[in-house]
Every structure is written in C-alpha cells, then in structure tokens.
Amino acid sequence: MALRPFLLTAGRVAGGSNGSGDPPLPLETQVVATAEGLAALDGLAFERQAIVAACRVPQSLAELAARLRLHLNVVRVIAGDLHSARQLAVYVPQANTAQDVSVLRRVIDGLRAVPDSRGLPRGNRPA
C-alpha cells in the first residue's frame, strides 16, 4: 500500500506554512549526504534513510525524486528536514545556473523519470 505524500511530510508542503518561511528548494538544488547523515543512516525512518543513502553521490532534487520514485515536494520537505538536522548538505544553484544547458537537461531528464500517479514514468505515457 502506498502512502499519500502528505502523510510522509506530516502535512507540510515545500515553501508552505511550515513555520520556516523559507521558499521551496529549487528542483536543480544539489544534495549530498554528510558524514553525520551517513553515521545516522541505520537510525533514520524509511524515506529519510533512502534519501541519505541515495545521496552518497551529489544529485539534484529532481534526480533524487525520480530515482526513489517519490513525489518531488516530499523530497523537498524531507531534504529540508535532513539539512536542518545536518544530515544532508544542500547546494542551491546561483541564478545563472538555470541558464546552463547541461543542468537544464539533467533536470528535464529527472522530471521525466518521476512517476505519475499510476507509477509510470512521465516520459513513457501511452499515446
């Protein structure tokens, strides 16, 4: 049985009324596990553990969501929590990074790989 995204984030949304007032992390934000995160890996809950384990290598939030088959906003919220707990390092790109074609291609590929509500990758929708 799949859990609804709002259950994974306790109803919080990226950049929403979570009390932090911070804007949502951009999809192209790079994340990587910290030494603290890797040390705490066995004690983390399911999705948090999967995110930290997957972030042994740097990747964008879009790539991470696609790889783990999680909703992008769930990954944004949990990544923010893991960053606050110093278990994930977050590198928000500079404004001119959004104009870098290689970054845009990676983000687009990551978004296409994010599954839709039926569990199918968005790039493989039937005609």
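1. Strand 1 (residues 30-33) and strand 3 run antiparallel and are joined by four bridges. Strands here are DSSP runs of E of at least two residues, helices are runs of H or I of at least four residues, and both are numbered from the N terminus. Within this pairing, valine 32 is placed opposite alanine 89 of strand 3, and alanine 33 has leucine 88 of strand 3 as its bridge partner.

2. On basis and numbering: the model is predicted, so local features need pLDDT of at least 70 and side-chain atom pairs count only at pLDDT 80 or more, while totals for chains, interfaces and linings use all residues. Residues are numbered from 1 along each chain as its sequence is written, and side-chain values use heavy atoms, with hydrogens and water left out.

3. Strand 1 is also joined to strand 2, by two bridges, and this pair runs antiparallel; two strands are taken to pair if DSSP finds at least two bridges between them. Valine 31 faces glutamine 59 of strand 2.

4. The protein as a whole has six helices and three strands, in the order α-β-α-α-β-α-α-β-α from the N terminus. Of its 127 residues, 35% count as buried, where buried means under 20% relative accessible area, exposed means over 50%, and partly exposed lies in between (1.4 Å probe, protein chains only). Among contacts with a separation of 6 or more, 65% come from residues 24 or more positions apart; a contact means heavy atoms within 4.5 Å.

5. Is helix 4 enclosed or open to the outside? Six of the eight residues of helix 4 are buried, so this helix is largely enclosed by the rest of the structure. The buried residues are Leu61, Ala62, Glu63, Leu64, Ala65 and Ala66. They pack against strand 1, helix 3 (46-54), strand 2, helix 5 and helix 6 (101-113).

6. The packing of helix 4 (residues 61-68) on helix 5 (residues 72-84) has an angle of about 115°, with the axes 9 Å apart. Axes are lines fitted to C-alpha atoms, for helices over the stretch in contact, and angles run from 0 to 180 degrees between N-to-C directions. Helix 4 is therefore roughly perpendicular to helix 5, a term that covers angles of 65 to 115 degrees. In this contact, Leu61, Ala62, Leu64 and Ala65 of helix 4 meet Leu72, Val75, Arg76 and Ala79 of helix 5. By class, the contact of helix 4 with helix 5 holds seven nonpolar, no polar and one charged residues. Here Ala, Val, Leu, Ile, Met, Phe, Trp, Tyr, Cys and Pro count as nonpolar, Asp, Glu, Lys and Arg as charged, and the others, Gly among them, as polar.

7. Helix 5 also has a contact with helix 3: the two axes come within 10 Å and cross at roughly 75°. Helix 3 and helix 5 are therefore roughly perpendicular to each other. The residues that meet are Glu47, Arg48, Ile51 and Val52 in helix 3 and Ile78, Asp81 and Leu82 in helix 5. This contact of helix 3 with helix 5 divides into four nonpolar, no polar and three charged residues.

8. Arginine 69, in the loop between helix 4 and helix 5, has a positive phi of about 60° although it is not a glycine. Arginine 69 counts as partly exposed because its relative accessibility is 47%. Arginine 86 lies in the loop between helix 5 and strand 3, and its phi is near 65°, a positive value in a residue other than glycine. With 56% relative accessibility, arginine 86 counts as exposed.

9. Alanine 39 counts as exposed, at 71% relative accessibility. Alanine 39 and glutamine 87 are 48 residues apart in sequence, and their C-alpha atoms are 8.8 Å apart in space.

Conventions. Parallel < 35°, antiparallel > 145°, perpendicular 65-115°, else oblique.
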